[in-house]
Amino acid sequence: MCSNKLRATATTQEQLEEMDAAFRQEESSDLPPAVPLSEFLSGHFEPDVPAVTGLFDLGRKVMIVGKAKLGKTHFALSLALRLAEGRDLCELKIPSSLRVLYINYELHRNALRKRLDALMATEWLDRSGPVARQVTFLNLRGYSYPPDTIVEHIIDQANQHQSQVIILDPLYLLVDGNENDSEAILALVKSIDRIIRDTQAAFIYVHHDIKGTYPGERLNVDRGSGSGLLGRHWDAQIALTEHAESERAVVFEFGSREYAPPPPMTMERTNGCLVCSSLTPFKRTKNSDRRNEPTREEKAEMIREAASYAAELITLMDKAKTTEVKNFLQGRYPAIGERGARRLTYQLDGVEVRPQTKLRLIRTKNNHDHFVTDSPP
């Protein structure tokens, strides 16, 4: 009786080992064989299809990275429409029309439709025209499925619509775990590689930048929050940075493994869209902020002149119209620029003043300038 049980256990163990070996063999059957160099060089290769000339081709991984509220989604939507149309986007050369799958993971569908309506009106595009038929939208906001399930669905949808470019916005919602965990990011990059392998499409993903005031001071390979694996996984990168002189402008820098990338360019936010700008691509850094900072004497002179306009400023402040105050200061003192006017506005905001109040500039022990009031008795 006991010997029969042992024979049954041994048979079961052998079967398990055979099944495991068969599974490993089947799992590795998709892997390519090693070939001699002569065969590798003489073998047939499909020619690369450029998506953006001099930046990336189909079948590549592309990272769009920037701080929050800087316009990453606006740019991704603009890029999707221009790729579908086959029309250049500012300095980016797009040689042909491509089929695009845009995956929205973050915006409510109504908010997304509003952005698209504004963008298509700016671009003079017909919502039922050929360009609109070239772009397919997959709305995944609110769907909490395991990443493997989402990846399978993306592959199925991309193949069903014969998509040549896939845009995912944002990337972090596809991470299973903490984005600072290298194992979670390693699983993510493997999923990205699988999507590209099974669709042959270019995969563009939108990623948020590291925390801090001046991310533009870092090397582009160090941009992007989370594990450093992501910063070195891309084939091409589009990095967004605040402009040094204009709050509405954004500087775009490019990186590429295969090409000398296009030169930096500037776009400006106008009516909820990003449009091409002639501003020099001068990104914001600590040094640029220091250069734009007025001297103490210039500030004092501005405040002395502003005293005569105290009544107008008080009226605007009482109505909490800080934007009008900023515009007033910038128009009156154009040398201080947008950022200088904004700083003055924030310092004026909340100061209790009355007509004939005089504003005085003082410097604290920490070397910071502040406004104080000398109110009449």
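Predicted model: local features only at pLDDT ≥ 70, side-chain atom pairs only at ≥ 80, totals over all residues.
Me: Why is the contact between lysine 67 and glutamate 242 called a salt bridge?
Reply: The closest N and O atoms of lysine 67 and glutamate 242 are 3.7 Å apart, and a salt bridge requires a side-chain nitrogen of Lys or Arg within 4 Å of a carboxyl oxygen of Asp or Glu, so the pair qualifies. Lysine 67 lies in the loop between strand 3 and helix 3, while glutamate 242 belongs to strand 8, 175 residues apart.

Me: Why is glutamate 242 called buried, and what makes lysine 67 partly exposed?
Reply: Glutamate 242 has a relative accessible area of 18%, and buried means under 20%, so glutamate 242 counts as buried. Lysine 67, at 22% relative accessibility, falls between the 20% and 50% limits and is therefore partly exposed.

Me: How do you know that arginine 223 and aspartate 209 form a salt bridge, and are these residues buried or exposed?
Reply: Their closest N and O atoms are 2.6 Å apart, which is within the 4 Å limit, so the pair counts as a salt bridge. Because buried means under 20%, arginine 223 at 2% and aspartate 209 at 6% are both buried.

Me: What makes strand 10 and strand 11 a pair?
Reply: Four bridges join strand 10 to strand 11, and pairing needs at least two, so these antiparallel strands pair. They form a hairpin with two residues between them, and threonine 270 stands opposite cysteine 273.

Conventions: Residues numbered from 1 in each chain as written. Heavy atoms only, no water. Buried < 20%, exposed > 50% of the residue type's maximum accessible area, 1.4 Å probe, protein only.
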